[in-house]
Amino acid sequence: MKDNLTTLRKLNGELTTTDQETADLLSTYFQEVYMVEDTSNLPVVKISNFSWNDADLNFDESTVMRKLLNLNPDKSSGPDDIHPMLLKECAAAVTEPLSIIFQQSFDTGTLPADWKTANIVPIFKKGDRTDRSNYRPVSLTSVPCKIMESIIKEKLMKYLDSNKALCEEQHGFRSGRSCLTNLLETLENWTKALDEGCGLDVVYLDYRKAFDSVPHRRLIEKLRSIGINGNLLEWLNSFLTSCTMRVGLRGTFSQLMEVLSGVPQGSVLGPLLFLLYVNELPECIKCDMKMFSDDTKL
């Protein structure tokens with residue numbers, strides 16, 4: 001975990017004096033940015049004409065073995081303390097049991113309790129280091145869960161790409177797209193507009209606490225609207241809801257806090273789920289736009 005965080009300023013202006021105080025202060029702040037979703041008035045979503053098939057996703061031993069051998073041994077373990085180096089070195093022994101656990105989890109639409117808890121590492125962004133709002137939470141979750149997420153993401157991306165479900169304006173977290181493709185397309189559009197004698201105004205949008213404020217019920221309805229159903233929808237619902245987190249600092253942890261909203265930063269599926277949540281934004285805009293995750297240019 002990062003150890004460059006020492007003290008934070010409390011609401012009364014005093015500085016924290018122990019790691020426990022600092023961890024508890026950050027934990028309270030990270031929970032404050034969650035949103036309490038109003039489920040009494042959910043928007044009506046447009047249902048697609050294509051549908052997910054659970055039979056397209058299975059967790060055979062060859063796939064699990066491939067994922068285990070590709071693990072980065074320098075990464076950190078999650079709350080279950082199962083380190084990626086251990087899983088990689090013992091791949092031959094753990095492939096079969098993990099394959100069985102993954103399939104059982106998917107078939108029942110549930111996750112083991114250890115997979116629904118995250119250790120939060122506070123990452124400094126910029127500004128005053130004693131200001132708690134200048135830190136963002138990155139989740140350290142179970143490595144076995146990340147392996148299962150990775151298998152699901154591969155199949156889910158194939159489904160989305162084959163049905164052209166993701167908007168063309170989005171360049172973030174997508175294969176073959178990047179900041180560079182975003183900028184090149186933007187430059188082409190701006191040059192064309194100027195060559196045609198048009199005026200050019202640019203508006204930059206950024207979501208506040210984007211990943212942490214995604215409402216779960218609305219996200220699930222968005223997933224349902226693009227044809228995701230069955231065991232996968234149940235599993236994703238369990239993946240998102242009834243989760244807990246704790247902030248860690250040099251071996252000291254805050255109390256477990258409930259995660260009320262958002263997609264986990266640091267997870268495998270989190271970025272893709274965020275893209276799906278904001279996917280219809282271009283339909284509401286009547287000018288050219290380019291997106292990179294939560295950053296948007298109009």
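Analyst: Buried means under 20% relative accessible area, exposed means over 50%, and partly exposed lies in between (1.4 Å probe, protein chains only). This is a predicted model, in which local features need pLDDT of at least 70 and side-chain atom pairs count only at pLDDT 80 or more, while totals for chains, interfaces and linings use all residues. Residues are numbered from 1 along each chain as its sequence is written, and side-chain values use heavy atoms, with hydrogens and water left out.

User: Why is R224 called partly exposed?

Analyst: R224 has a relative accessible area of 39%, so the label partly exposed applies.

User: What makes E221 and R224 a salt bridge?

Analyst: A salt bridge requires a side-chain nitrogen of Lys or Arg within 4 Å of a carboxyl oxygen of Asp or Glu. The closest N and O atoms of E221 and R224 are 3.4 Å apart, and the pair forms a salt bridge. Both residues belong to helix α7 (residues 216-225), three residues apart, so about one helical turn separates them.

User: Which parts does the salt bridge between R132 and E32 tie together?

Analyst: The closest N and O atoms of R132 and E32 are 3.3 Å apart. R132 lies in the loop between β1 and β2 and E32 in helix α1 (residues 19-32), so the pair ties together parts 100 residues apart in sequence. Helices (H or I, at least four residues) and strands (E, at least two) are DSSP runs, numbered from the N terminus.

User: How do you know that R132 is buried?

Analyst: The relative accessible area of R132 is 13%, so R132 is buried. E32, at 48%, counts as partly exposed.
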